[in-house]
Amino acid sequence: MVLGLGLGRGDPWTCSLVLGALLTGPMLVSEGAAEVRLEDGGWRCAGRVEVKHQDRWGTVCHDSWGMTDAKVVCKQLGCGAAVDVHLNAYFGAGSGPIWMDDVQCHGTESALSDCTHKGWGQHNCNHGEDAGVTCSEYTEFRLENGSTACEGRVEVHVLGTWGTLCASRWHLQDAHVLCRHLNCGFAESVPGGGHFGRGTGPIWRDSFHCNGTEAHLGQCPVTALGASPCSPGNDAAVICSGASASLRLVGGGSRCDGRVEIFQRGTWRRVLAAQWDMREARVVCRQLRCGEAEGAYNPPKAGRGTGPVGLRGVRCTGAEAKLSLCNTSLPQSTLGAAIAEDMGVVCRGSRQVRLVNGSGRCAGRVEIYSQGSWGTVCDDGWDLRDTAVICRQLGCGGAVEALGSARFGAGSGHIWLDGVNCSGAEAALWDCPTGSWGKPNCGHKEDAGVVCSDFMSLRLEKSSDCSGRLQVSYNGTWGTVCSNSMTLRTVALACKELGCGDQGFLQTLLPSGNVSGPNWLDRVECGETNSSFWQCPSAPWSLQSCDTLQEEAHITCQDPTRSHPTSSGTISLPVIICIILGALLCLLLALLFGQVRSTRAGRKGSEGDPEPFPEAVYEEIGDSTPWEKRERFRGSGFYSEGSLTKLQLSPEDSKEDDGPGSALDIPVRPGGDPVDGYDDAREVSDAGQDPAPGQADREMPRATEEAEGAKDAAEVTYILTLTSIILIITITLINHHLQNPMYFFPRNFSILEIGFTTTVIPKTLANLSLGKKPQFL
C-alpha cells in the first residue's frame, strides 16, 4: 500500500511522519555467505562440495584443495571436524557451473565463500576434478588393549576427549568400516563387551549404522536419541583380519564384491587372468570370509583398474586358502595366447538388505543387494515374522508393521524373492524358505515394505506453517517431546530435521493440565558438536516422560528463505484474512470517493445566482381558463409553483365569480400586472440589484462554503489514513505469527508504535488538511 502525502518541504512535522512511515517501509537485507552442501556421500556431512551462487548450485574444483579448506566447509555445515578430503570427483561428477577454483582458506573463515579463490565461475577444470569432503565430530579412532594393532577395545576421540562405545550398539558392519579405515583388513569378529578390558573415559551413547561400504565411521549415519545408558565395562571391541590380509575387492556395492586387488610392496595392485572362473572366485571369497562364491566376471572397460599389476595368469584349484597360493608360474607361451584382464568376484556375503523410500532408515520398501544389483521382494505371504528378521538384521528393533502393495512406492530392476516364509529366528532374510531366487510371479506393484520399532520421525502436530507441538514417532506410535532442558540448539536441529530452516524458539504461553497421550522423550540436550537431532543425547525412551501440558515442547521455526508451505488448492488463514481486509478497504475507498463526488456535485449546483426564469412567457389571458393555464405552467418544465406569484385581480373582477375572466390564482410574473391583455415580462434583477422574492434564502455565503469543504476534506483524509493504518497494523500482527514473514513488514510492532500510528498520524494529517498546526493529544 502506498499512501501519497503532499507536505511542506522542511516541515518538522513532515520529518516525524516520514520517520513513522519508515517503521513499516521496506528494509534492505544484505546478502550473507554463500550456501554450501555435500552431495552423494550418503549423508549430509560427507560428499561432493557444492556452492550456491546466483541461485544456482555448482561445484568446487580440487586444485589446491586441502584439509584447511575442508575444515571451513565442515564448520559451516555444523558437521564437526574434517577427517578426509577427496579429489578427482571421488563422490561422482557434479553438473552445472564450477563456481570456485584454487580455493585458499586459512581455516578461520566462517564460510567457504569467505576464502580467496580465482573468482566466481573462473576456473580451468572439468567435473572430473570436483572436490569432496568427509566431516565428522569423531576425529580419531583406535583399538586399545589388544595383542596387535588390529584388535582391541574401540575408542573414539570426540572433539578433544577419548571415550568408548557401547557394545550393545556395535555391529559387524560398523566393525568392517573401522578395520578398513585403520588399514587392518576386515572385521573377523565382534567380541562381547569387556573382552579387552574396561575403558577409563566416557562411554558414548552413539550408535553407528554403517552398510559396510563406507571409508570412515564418520560417513555412517549416527543416532543417540533415547539411548539407554551403557552398563560399565560393556565396551565395544573388534578383531580385524590384520594388515596381512592383503586382498580386497573394489568398485562393488559391498566389501564382498568387486574387482580383485592384492597388497604388495606397500601398494595395492591389480590381479589379471586370461581364464577366470568360479574356482578362483571361491578362493577369493574364502580368503575374505565373504561366504560362498556366487559369480566370477571380467569387469567392463569402465570398471577396469589402471595401477600396477601384482599377479598375472592366476590359476586355482578352488581349495586354496589364499589367492597367493594359487599357481601363477604359467609358461610364457600360455600367457601370450590370451589377453589377461582384471578379475571380478561376487560372494554371497555381498548380499545386503535396506529399506528405502521411508522417512528413516528403519521403514520403507524392502530391497536386497545380490549379484551386483539391488532388487525388491514380493509381498506374497508377507507377514510380521518376515519383517522381524529384517528389523533385527538392520538393528532396527522389532517389527511393527508388514506392508504390501508397494506402500512405499514401486521399485525397479530385479525382484529377488517371492513367497518368503520366515520363522522369525533366521539371521538374514535370504536364509528363510522362499521360491526360486530371482524368479518371481509378481510385479513391482506388489513390492513388500516394513516398519520397525526403531523407526523415528519428527513432526509438528496439526501444523502447516512450521509451528506447533513437537512430536516423535517411535515403536510405531506418535508421542510428544518434553521441553525440560531443551535449548535453542535443540530447537534449531529439530527445525532443520523438519525442513523448516535452522533456527527457532520455544513457545512459553501454554495451557495447564495433565498430559493425556504418550510423551516419548525428555531432556533432549543437543550440543554444538551434534549435526543432527537424532545424534542428541536424551533421557531413555519412555511413554511417560513428562506429566503436565506446560512441559510439552511447542516450537516455532524461523526460515526467511523458505516458501510458504501450502497444500494443493489450500490457502492459509492469514492470506484469507489479508484478502478480506484488502477487499473491505477497496469497498470503503469506493464509497468514500462516491460520497465526495456527490457532495461536490451538490455544492457546485448551489453556487452562484441561478436565473429563476430563463425566458419570458407571453399568453393571452382570455384565451385559456385559469385551470388550463395552471396545468400548462405546471407541465412547461420551466417553472415551479413556488417560483410564481398569484395574479392580483381588481375588486370589480373579484366580484365576478362565474365569468371567464374571473380566473383566480392566475400565475403571472412577480411584481407585474397584465397590460393590454398580456402578461408582461420583467428582467430578473442582476447581481447588483435586490434578489427576486424567494431567491435570497437559497444563497450561501462564500466563507461558510469553503470552511465546510475543508471540513469534509479533513474528515475524508482522517478516515482514509485511519483505515490504511488499521490495515497495516492488522497485517503486521498477522505477519508476526507467520513462519515466513513478508519482508516489508516488521515482525515486532510495539504498543508505543501502534498508539503513535493510530492517533498522532491521523490527527496530524487532518490538521494539515485544515492548515492548522498539529497538536498531539
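**Close-up views of a predicted model**

**View 1. Surroundings of Glu155.** Leaving aside residues up to four places away in sequence, Glu155 touches Glu140, Phe141, Arg142, Glu144, Trp162, Gly163 and Thr164 (contact: heavy atoms within 4.5 Å). Glu155 belongs to strand β8 (residues 151-158); strands (E, at least two residues) are DSSP runs numbered from the N terminus. Because its relative accessibility is 7%, Glu155 counts as buried (under 20% relative accessible area, 1.4 Å probe, protein chains only). The model is predicted: local features need pLDDT of at least 70, side-chain atom pairs count only at pLDDT 80 or more, and totals for chains, interfaces and linings use all residues. Residues are numbered from 1 along each chain as its sequence is written, and side-chain values use heavy atoms, with hydrogens and water left out.

**View 2. Arginine partners of Glu155.** The Glu155 side chain makes polar contacts with the side chains of Arg142 (2.8 Å) and Arg153 (3.0 Å). A polar contact is a pair of N or O atoms within 3.5 Å, one able to donate a hydrogen and the other to accept it. The charged end of Arg142 also sits over the ring of Trp162, 3.8 Å from its centre (CZ of Arg within 6 Å of the ring centre and within 35 degrees of the ring normal).

**View 3. The aromatic pair Tyr474 and Trp520.** The structure holds 10 aromatic pairs (ring centres within 6.5 Å, using the six-membered ring of Trp). Tyr474 and Trp520 form an edge-to-face pair, 5.2 Å centre to centre with 85° between the planes (edge-to-face: over 60 degrees). This pair links strand β29 (residues 467-474) to strand β32 (residues 519-521), its members being 46 residues apart. Tyr474 and Trp520 are both buried, and together with Trp541 they form one aromatic cluster.

Conventions:
Helices (H or I, at least four residues) and strands (E, at least two) are DSSP runs, numbered from the N terminus. Buried means under 20% relative accessible area, exposed over 50%, partly exposed in between (1.4 Å probe, protein chains only). Rings of Phe, Tyr and Trp (its six-membered ring) pair if their centres lie within 6.5 Å; planes under 30 degrees apart count as stacked, over 60 as edge-to-face and the rest as tilted.
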